[in-house]
Amino acid sequence: MIDLVKRVFLWDVAQAVYLRLERIAQAIALYDWEKRRCPPAPSLLKQRTVKAYGKALSSQVLVETGTYMGAMVDACKDRFSRIYSIELDPALCRRARQRFAHLPHITILCGDSGVLLPSVLPELTQPCLFWLDAHYSGGITARGDLQTPIAQELRHILDHCPTEHAILIDDAHLFVGEDGYPTLEQVRALVGDRRPGWTFAVKDDIIRIHAPLPR
Ligand SMILES: C[S@@+](CC[C@H](N)C(=O)[O-])C[C@H]1O[C@@H](n2cnc3c(N)ncnc32)[C@H](O)[C@@H]1O
């Protein structure tokens, strides 16, 4: 019995130390980004940006493409009342489903987001925020037909969605017209054509596409 209590105590201490170290690492990454602006931007900044847009737009629904370990879902789980996240890799998908199984407002979909997105769009009856982050990024991440389904995703959202959603796209530095990525100018032109008057901006390596924000 004493052994069990000791083990539980040590496990709690180890977890607390890990969380503290993770927070320190995130703070260092943020500091480094502020100084050097060398992509990729730190996860903490991305998570803060997504939550800030959710708040500014009074959006309750988040759609993420590319779940990976579920860090963005976890960071946003208390900010949004409905979250969809799509992951191509079956093992990552299974892991995320297990991780969020106790949260009924979170749905993890398994498959290519360029293909699955049209099945999610009809469910979005109120303005929602998209975090488009599906792409092959080495290691255990998956690769579909293309390195990234971003062109398909954008067309689905801009061509077939009557509701005025806002779109954030990660890794603006990759948009150079190679490996399935359009150029930033091509994305800007597409937005100008489909949503005249909308904002197209790039900041902190995140592409931001939305109607003018309420003041
Ligand atoms: C950079 S990670 C996503 C990180 C995550 N959004 C976050 O903020 O923590 C990219 C993920 O996209 C997934 N992926 C790659 N191609 C995909 C596709 N066509 N559809 C859905 N997911 C895809 C990869 O397996 C990988 O897990």
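In which element is the place of Lys46? Lys46 belongs to helix H2, where helices (H or I, at least four residues) and strands (E, at least two) are DSSP runs numbered from the N terminus. The model is predicted, so that local features need pLDDT of at least 70 and side-chain atom pairs count only at pLDDT 80 or more, whereas totals for chains, interfaces and linings use all residues. Residues are numbered from 1 along each chain as its sequence is written, and side-chain values use heavy atoms, with hydrogens and water left out.

Lys46 is classed as buried because its relative accessibility is 12%; buried denotes under 20% relative accessible area, exposed over 50%, and partly exposed in between (1.4 Å probe, protein chains only). Leaving aside residues up to four places away in sequence, Lys46 touches Pro40, Ala41, Met72, Trp131, Asp170, Asp171 and Ile206, contact being defined by heavy atoms within 4.5 Å. Pro40, one of these partners, lies in the loop between helix H1 (2–36) and H2. A cis peptide bond, with omega of about 5 degrees, joins Pro39 to Pro40.

The protein chain is divided into domain 1 (1–38) and domain 2 (39–210), with bounds that come from an automatic or database domain assignment. The domain centres, taken over C-alpha atoms, are separated by 28 Å. Six residues of domain 1 are in contact with nine residues of domain 2. Between them the two domains bury about 690 Å², of which 67% is on carbon and sulfur atoms; buried area is the accessible area (1.4 Å probe) that two parts lose on being put together, summed over both. On the side of domain 1, Gln26, Leu30 and Trp33 lose the most area to domain 2, together 69% of what that side buries.

The count between the two domains is one salt bridge, a term that denotes a side-chain nitrogen of Lys or Arg within 4 Å of a carboxyl oxygen of Asp or Glu. Arg37 forms a salt bridge with Asp204, the closest N and O atoms being 2.5 Å apart. By class, the side of domain 1 that touches domain 2 has four nonpolar, one polar and one charged residues. Here Ala, Val, Leu, Ile, Met, Phe, Trp, Tyr, Cys and Pro count as nonpolar, Asp, Glu, Lys and Arg as charged, and the others, Gly among them, as polar.

Asp204 is located in the loop between strand S6 (199–203) and strand S7 (206–210), and is buried because its relative accessible area is 14%. Although not a glycine, Asp204 has a positive phi of about 55 degrees. Arg37, at 41%, is partly exposed. A salt bridge also links Arg37 to Glu34, with 2.9 Å between the closest N and O atoms, and Glu34 is partly exposed at 47%.

The structure holds ten salt bridges. Among them is that of Asp74 with Arg99, whose closest N and O atoms are 3.5 Å apart. This pair links distant parts of the chain, as Asp74 in helix H3 (residues 71–76) and Arg99 in helix H4 (residues 90–99) are 25 residues apart. Asp74 is partly exposed at 27%, and Arg99 is partly exposed at 37%. Asp193 and Arg194 also meet through their side chains in a salt bridge (2.6 Å, N to O). Salt bridges with shared partners join Glu34, Arg37 and Asp204 into one network.
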